[in-house]
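Have the sequence and the 3D view open side by side. Then follow the text from one site to the next.

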Amino acid sequence: EAVLPQEYTGLKIEITEFAEKAQEVLKNDNFDLAGKKVFLVAATLRPETMYGQTCCFVSPKINYGLFDAGNGNYYICTERSFKNMSYQKLTPRRGDFKPILKINGASLIGSKISAPLTAFKNLRVLPMETVLESKGTGVVTCVPSDSPDDYATTRDLHNKAEFYGIDKDWVITDILPVIRTEKYGDKCAEYLVKELKINSSKDTVPLATAKELAYKEGFYNGTMIVGKYAGQKVQDAKEKVKNDLIASGDAFAYSE
Ligand code: A2H
């Protein structure tokens, strides 16, 4: 557990069509979607990689809340994260973090989403077993170019779609190169997963090593190869992309 506060970018990923099970939950709780925008809020430390998002992960085991974020906006995230947000002036009322309704991660799987900056279309909500309830918002956006965990999970979901209870077509297996480093090329997650012979998303020890290596190399020696800041160092682009996302209303700074 980190001693210093961690500052995340809370990325607003709009749900454009709820999965059937989720629709039932909303209906049973009399939540009418008319005139409302509902977002999954993903916590990320890598805003500069958002061009390569291919899906949004939730844990099928987590019970999320749906919260009023003001101005017709609603957030789906863990209650503990919305509570934190409510003390960071990110919600309508300080200390008010009562969910409008509770919705299990499993029921959200398959929902159609629209994520800021990504080059991909037709993104879905997919399951990730390793998402922790105790970190961030409990929602993780998937960037298989730069996150070994996301790469390994995507590969598992594609290879065992039936086991995970998802439609194979929901899994985008293309990878958009976002950052180049001399050491690991332009798809560092794929490179490191192969190099460390990681077989599945459950190989937590080598995945932690891969995550560390990918993060350090990308941050200190990476160059952006897509987007508005292509050609710039990751160290410089990171804050700029984050600030752009905040300025456009697609994200906010969130600490814990
Ligand atoms: B990162 P730290 Cl491209 N459970 O975002 C598990 N993982 C979580 C999480 C949770 N509840 N909440 C956030 N995360 C992930 C992008 C990314 C991330 C890339 C590369 C590395 C990377 C796209 N996924 O993280 O423990 C989120 O994934 C490796 C550092 O607070 C978030 O940033 O250091 C990161 O872990 C936060 O991890």
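This is a predicted model: local features need pLDDT of at least 70, side-chain atom pairs count only at pLDDT 80 or more; totals for chains, interfaces and linings use all residues.

Begin at the ligand. There are 19 residues around the ligand, and Tyr8, Thr44, Leu132, Lys135 and Asp150 come nearest. An N or O atom in the Lys135 side chain sits 2.3 Å from an oxygen atom of the ligand. The backbone takes part too. A polar backbone atom of Leu45 is 3.0 Å from a ligand oxygen. At Thr141, a backbone N or O atom lies 2.7 Å from a ligand nitrogen. On its own, the ligand has 700 Å² of accessible area, and the protein covers 88% of that.

Asp150 leads on to the next element. This residue is among those nearest the ligand, and Asp150 is also one of the buried residues of α4. Helix α4 runs over residues 148-159. What covers them? The cover includes strands β3 (55-58), β8 (123-127) and β9 (139-142). Helices α5 (161-164), α6 (188-195) and α7 (204-221) are also part of that cover.

Last, turn to Ser81 in helix α2, residues 79-86. Is Ser81 buried or exposed? Its relative accessible area is 0%, under the 20% cut-off, so Ser81 counts as buried. The Ser81 side chain reaches the backbone oxygen of Thr78 at 2.8 Å. Leaving aside residues up to four places away in sequence, Ser81 touches Gly136, Thr137 and Tyr254.

Key
Residues are numbered from 1 along each chain as its sequence is written. Side-chain values use heavy atoms; hydrogens and water are left out. Helices (H or I, at least four residues) and strands (E, at least two) are DSSP runs, numbered from the N terminus. The expected span of a helix is 1.5 Å times one less than its number of residues. Buried means under 20% relative accessible area, exposed over 50%, partly exposed in between (1.4 Å probe, protein chains only). Contact means heavy atoms within 4.5 Å. A residue is near a molecule or strand if one of its heavy atoms lies within 4 Å of it. A polar contact is a pair of N or O atoms within 3.5 Å; within protein, one must be able to donate a hydrogen and the other to accept it, and residues adjacent in sequence count only if both atoms are side-chain atoms. Accessible areas come from the Shrake-Rupley method with a 1.4 Å probe; for residues, only the protein chains shown count as cover.
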